[in-house]
Amino acid sequence: MATRSVLLALVVLDLLFYVPPGRSGPNVYIQKLFASCWRLRGSCRQKCLKKEEYHILCDTTRLCCVNPQHLPILTG
């Protein structure tokens, strides 16, 4: 009985660490999550699009580009 559970655990671990051939890099959904910013409403880019505004930095080289309607209202 113990050998069956060990074998089952090895099969499960093997399936968890399997990477299909021909596809490298992280999952598309994971890439999208880490490329987003400002409460998942912005995108990290080198340059913002015309309809977007720069809000914060994603890292040292990319800007967080957000649609102006999602930005907080500034009061002064």
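1. Basis. This is a predicted model, where local features need pLDDT of at least 70, side-chain atom pairs count only at pLDDT 80 or more, and totals for chains, interfaces and linings use all residues. Residues are numbered from 1 along each chain as its sequence is written, and side-chain values use heavy atoms, with hydrogens and water left out.

2. Disulfide count and pairing. Searching the whole structure gives three disulfides (a disulfide being a pair of cysteine sulfur atoms within 2.5 Å). With the bonded cysteines of the chain numbered in sequence order, the pairing reads 1-5, 2-4, 3-6.

3. Cys44–Cys58. The sulfur atoms of Cys44 and Cys58 lie 2.1 Å apart. This pair links distant parts of the chain, 14 residues apart: Cys44 sits in strand 2 (residues 42–45), Cys58 in the loop between strand 3 (53–57) and strand 4. Strands are DSSP runs (E, at least two residues), numbered from the N terminus. Cys44 counts as buried because its relative accessibility is 13%. Cys58 is partly exposed, at 27% relative accessible area. The cut-offs are under 20% relative accessible area for buried, over 50% for exposed, and in between for partly exposed (1.4 Å probe, protein chains only).

4. Cys37–Cys64. Here the S to S distance is 1.9 Å. The torsion about the S-S bond is about 95°, so the disulfide of Cys37 and Cys64 is right-handed. Cys37 belongs to strand 1 (residues 36–37) and Cys64 to strand 4 (residues 63–66); the pair links distant parts of the chain, 27 residues apart. Cys37 and Cys64 are both buried.

5. Cys48–Cys65. The sulfur atoms of Cys48 and Cys65 are 2.1 Å apart. A torsion of about -85° about their S-S bond makes this disulfide left-handed. Cys48 is in the loop between strand 2 and strand 3, and Cys65 is in strand 4, so the bond ties together parts 17 residues apart in sequence. Cys65 is buried, with a relative accessible area of 1%.

6. Core. Six residues make up the largest nonpolar core: Cys37, Trp38, Cys44, Cys64, Val66 and Leu71. A nonpolar core is a set of buried Ala, Val, Leu, Ile, Met, Phe, Trp, Tyr and Cys residues joined through side-chain atoms within 4.5 Å.

7. Val66. Leaving out residues up to four places away in sequence, Val66 touches Trp38, Arg41, Gly42, Glu52, Glu53, His55 and Leu71 (contact means heavy atoms within 4.5 Å).

Methods. Helix = DSSP H or I, 4+ residues; strand = E, 2+ residues; numbered from the N terminus.
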